[in-house]
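Good morning, colleagues. Please turn to the structure on the screen; I shall walk through a few of its local features.

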Amino acid sequence: MKTSWRSASLVASAAAVLALTTACGQDSPPAASQNVGATAAAGDYGSIGAGSGTGGTTATGQPAAPSPSSPSSPAGKLSVSTAEKVGKVVTDSLGLTLYRFDQDTAEPPKTNCDGDCAKTWPPVPADDAEAGEGIDKALLGSVTRADGTKQLTVGGWPAYRYAKDVNAGDVKGQGVGGKWYALAPDGKKAQGGGADAGGEVVQAGLSTRKDPKLGEIVVDKNGMTVYRFKKDEAWPKPVSNCSGACLEKWPLVEPVDFADTKGIQKKGYMTFERTDGQGAQQTINCSPIYTFAGDKAPGDTNGQGVGGTWYAVRPDGKLVGASE
């Protein structure tokens, strides 16, 4: 589904990456950094443990699925609602929040959530969906799933409900596994921040919070802890040594404009283009940064010290609780 807003978004994103991609200590953009393609051994990137959320997880980082009462309920007339701490989101005719999955694609639309995943995240049928107030009908479409059914897309992104959202206005799926986000009216991820352990709303794309055990650490826009991998490289340019299965457990942090940060060191704040097809990744002090699929709620730090190679990040990009 190609639309003018999406083309403009891609152009703006490309310009932002070009502007930020500068080698450490250099004033002009160098050639793209090389990802050596090495995938960390199982003991290095760790297993996804239980965070402060409820339920277990599957191999893809999804929570164990409760049985949704009506997994194929019609969407009906879509509308826009404002969810606390999340912002404007797309809801169905019953007021239930619709979500998108980072492992899907929008151009072309493709869904990668089947089996147990689709029980936890029921696909939204496309058949009777219609645009209500605040929804551009030109952004609505469909994608054919493996079983032949038609799934609703918004801005090209396949739409889902979350089985644990039982009341209108629930947004319990926001940020789950670092891969699931409420759909904004334009098909992008809902832009509102999460909340830290003290309940303070985190609005910036990257900011800091005071952890009672780790001190001041970096968090993303949803309040989720940001980590570094000791086997990555920062000098003379960033190289990520986490790919494949490693990235399923440690999702990369996508580029964040420095203007959308708070309390983060500017020196060495740059992006680099990965060579494994995963696009651009953000760094702090030239070190690639990630979140952890085992953190289920803002304030979780379950990734700290995993495998002796993963650690939370200070505002200057240094590791928390480990030497460089």
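Let me begin with a definition: two strands count as paired if DSSP finds at least two bridges between them. Helices (H or I, at least four residues) and strands (E, at least two) are DSSP runs, numbered from the N terminus. The model is predicted, with local features needing pLDDT of at least 70 and side-chain atom pairs pLDDT 80 or more, while totals for chains, interfaces and linings use all residues. Residues are numbered from 1 along each chain as its sequence is written, and side-chain values use heavy atoms, leaving out hydrogens and water.

First, a sheet. Strand β8, residues 150–154, runs antiparallel to β9 and is joined to β9 by 2 bridges. Across this pairing, V154 stands opposite W157 of β9. The open sheet has 3 strands in the order β7-β8-β9, paired in antiparallel fashion. Its edge strands are β7 (140–144) and β9 (157–158), each of which pairs on one side only. In general, strands of a sheet pair through backbone hydrogen bonds, either parallel or antiparallel.

What lies over the face of W157? The residue is R100, at 3.7 Å from the ring centre. A charge sits over a ring if NZ of Lys or CZ of Arg is within 6 Å of the ring centre and within 35 degrees of the ring normal. W157 also has its C-alpha atom 9.0 Å from that of P108, although the two are 49 residues apart along the chain. P108 belongs to the loop between β4 (105–106) and β5 (109–110). Because its relative accessibility is 60%, P108 counts as exposed; the cut-offs are under 20% relative accessible area for buried, over 50% for exposed and partly exposed in between, with a 1.4 Å probe and protein chains only.

I turn now to the aromatic rings. Rings of Phe, Tyr and Trp (its six-membered ring) pair if their centres lie within 6.5 Å; planes under 30 degrees apart are stacked, over 60 edge-to-face, and the rest tilted. The structure holds 13 aromatic pairs. One of them, W121 with W180, is stacked, at 3.9 Å centre to centre and 0 degrees between the planes. W121 lies in the loop between α3 (116–120) and β6 (130–131) and W180 in strand β10 (residues 180–182), so this pair ties together parts 59 residues apart in sequence. W121 counts as buried because its relative accessibility is 0%. Ring pairs also link W121 and W180 with Y99, F101, Y160 and Y162 into a cluster.
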